[in-house]
Amino acid sequence: MHLHREILQLPIFQEAAQGCLKLLSLHIRTNFCAPGEFLVHKGDALSSIYYLCNGSMEVVHDDMVVAILG
């Protein structure tokens, strides 16, 4: 659980019980993306929540950057 402390200390989890946090920590996965790599595409069915902890990412629509997150 200590490996994911930064994520589990987010305000969204402040009311969660310790047991819930431990269970969540078992499902957290680290994902590294190279520049130009796509994380998700419009219309994808998602089974995960993504938290950007380092760097930035672009939101692209019709080949135009509409937002930069990070």
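The model is predicted: local features need pLDDT of at least 70, side-chain atom pairs count only at pLDDT 80 or more, and totals for chains, interfaces and linings use all residues. Residues are numbered from 1 along each chain as its sequence is written, and side-chain values use heavy atoms, with hydrogens and water left out.

I start with the elements. The protein chain has two helices and two strands, and from the N terminus on they run α-α-β-β. Helices (H or I, at least four residues) and strands (E, at least two) are DSSP runs, numbered from the N terminus.

Next, the overall dimensions. Along the principal axes, the C-alpha atoms of the protein chain fill a box of roughly 45 × 25 × 20 Å. The radius of gyration is 15 Å, whereas a compact globule of 70 residues would have one near 11 Å. That radius is taken over C-alpha atoms, and the globule rule is 2.2 Å times the number of residues to the power 0.38.

How many of the 70 residues count as buried? The share is 7%, where buried means under 20% relative accessible area, exposed over 50%, and partly exposed in between (1.4 Å probe, protein chains only). The protein chain exposes about 6500 Å², and carbon and sulfur atoms supply 57% of that area. Accessible areas come from the Shrake-Rupley method with a 1.4 Å probe; for residues, only the protein chains shown count as cover.

On contacts (heavy atoms within 4.5 Å): among those between residues at least 6 apart in sequence, 14% join residues at least 24 apart.

Now to single residues. Ser25 sits in helix H2, residues 18-25. Is Ser25 buried or exposed? Ser25 counts as buried because its relative accessibility is 10%. Its side chain reaches the backbone oxygen of Lys22 at 2.7 Å.

The other two residues are in a loop. Asp62 lies between strand S1 (57-61) and strand S2 (64-69), and Asp63 is found in the loop between S1 and S2 as well. Asp62 is not a glycine, yet has a positive phi of about 55°. For Asp63, also a residue other than glycine, phi is positive and near 60°. Why does Asp62 count as exposed? Its relative accessibility is 66%, so Asp62 counts as exposed. Asp63 counts as exposed because its value is 81%.

Technical notes
A polar contact is a pair of N or O atoms within 3.5 Å; within protein, one must be able to donate a hydrogen and the other to accept it, and residues adjacent in sequence count only if both atoms are side-chain atoms.
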